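I opened my notebook beside the viewer today. Here is what I looked up, entry by entry.

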Amino acid sequence: MIALIDYGAGNLTSVRKALTSLGADYDTPSSPQELARCSAMIVPGVGNFAATSALVGPWRDAIGAAVRSGTPLFGICLGMQWLFEGSDEAPEVPGLGVLPGRVTRLQGNAEARLKIPHVGWNGLSVPREPEGSALLGHRNFTGRLLSRLEPGAHVYFTHSYAAPVTADCVAATTHAETFAAVVERGNVFGVQFHPEKSSEAGLQIIRNFLDVARGPAVVERRAEAEC
Amino acid sequence: MLTKRIIACMDVRAGQVVKGVQFQQLRHAGDPAELAARYNVEGIDEVVILDITATLESRQALADTISAVARRIFLPLTVGGGIRSEDDAAAAVEAGADKVSLNTAALKNPALITTLARRYGSQAVIVAIDAKRRGDGFAVYVRSGTSDAARDAVEWAREAESRGAGEILLTSMDRDGTRSGFDCEMTAAVANAVNIPVIASGGAGGLEHFCDVFTRGHADAALAASIFHYADTSVSELKRYLRGRNIPVRI
């Protein structure tokens, strides 16, 4: 059972519809204690970072404990921003802090007509590796969330704040500046865009997370069946 | 790079797309979910459902239509037409709409923009402006274009933004239905006055009209209905054309 965390930030109808269409077994837990039994967690959300203050306290503690015990966690949009230490949008509200870094406001570029909020379809690219890195020139995406996606795939964004490109970033997007579009670190995953609104590319990303949630045994069996 | 969006609008009455739909491949030609699924395959970026009757009796039919479309396609879905209150917007969102489009109600009660932006976020609130040229300006009309609102489109778009609108859907009443091209001057005037995306509507007739409105009109997105419904122009053909003219689109 996947726990879809509803903390009142935006409407979950579209996330629910996408999960249902992919055959996911999910539920919205009513208390943090229920997270001890879930196979994976999804934190969706849209809107102001201050909305995540509803998670501060027992929910944040329970989600943190489940992550430490190995339960996969998928943050979507505001839910991804929450994985970081905090956001300039609501500096007084702490993030979950499982990823290092801080969310900042996008600047845009009025002369180039790059408006904020960043709304619409934009491409995913392989983040630039530091000079001398062994991965320099690596052309394909790494990580489990982007399995079967190719650089250049377009996804639907709507946001004004974004996380920096760090070692945990597996896909970046550029809108006047380059920011983290997809992050992955161990059992923690996040996307800045809305996979539930990104047509086939988005559904594939959700499918990839569902594979992670089902655990390695299931994925391996499927791989054997495909051979 | 952020791409220019192509948006298909479906005018819906009692659960059926009106204006005629001639896709041979569709089993049920007027079925909104079938049409939306077809657009999705062709590469449409967003879909708008416009309830053209907006009577009390049509409300349940509209909710059913939204729900059926939202089950079939995983694209941003906007609902407009007769959204007069927070309850109307909530019903649309609960049925599966990602954004609601306010027109007459926003002018009558501008506080509704802010109320909805606080509840669902600005990204969920589109203010639709129907306008026609008058002198040097652009006069806003309401009640499906029948009533002069005594407002200028540029000034009203600025106010809508300041009250929390996330996008402006700007329809040229002079061009609507003429297939003579978008009103690029009006679109540019509004797009240059606000910092939120502007969706141009009214007048789409050929591929070059989309190119014009994205370049001269500074539009962030373009909306059309009949040219896609009648399959004169497929979305995929339009996008290939635009890419050939160096306009970034999702293919």
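I began with chain A, which has 5 helices and 12 strands (DSSP runs numbered from the N terminus: H or I of at least four residues for helices, E of at least two for strands). I noted that this is a predicted model, where local features need pLDDT of at least 70, side-chain atom pairs count only at pLDDT 80 or more, and totals for chains, interfaces and linings use all residues. Residues are numbered from 1 along each chain as its sequence is written, while chains are lettered from A and ligands numbered from 1 in the order in which they are written.

Next I checked burial: 49% of the 227 residues in chain A are buried (20 or more other C-beta atoms within 10 Å of a residue's own, with C-beta atoms placed from the backbone).

Then I turned to the contact between the chains, with 28 residues from chain A and 26 residues from chain B (C-beta atoms, placed from the backbone, within 7 Å). On the side of chain A that touches chain B, E7(A) gives the largest share, 6 residues.

My last stop was helix H3 of chain B, residues 86-95, where I found Asp88(B), Ala89(B), Ala92(B), Val93(B) and Ala95(B) buried. Which face do they take? They line one face of the helix, because they fall within an arc of 165 degrees seen down the axis of H3(B) (the arc of directions from the helix axis to the C-beta atoms). I saw that these buried residues pack against H2, E4, E5 and H5 of chain B. Just after H3(B), I noted Gly96(B) with a positive phi of about 130 degrees.

Conventions
Buried ≥ 20, exposed ≤ 12 C-beta atoms within 10 Å, placed from the backbone. Contact = placed C-beta atoms within 7 Å.
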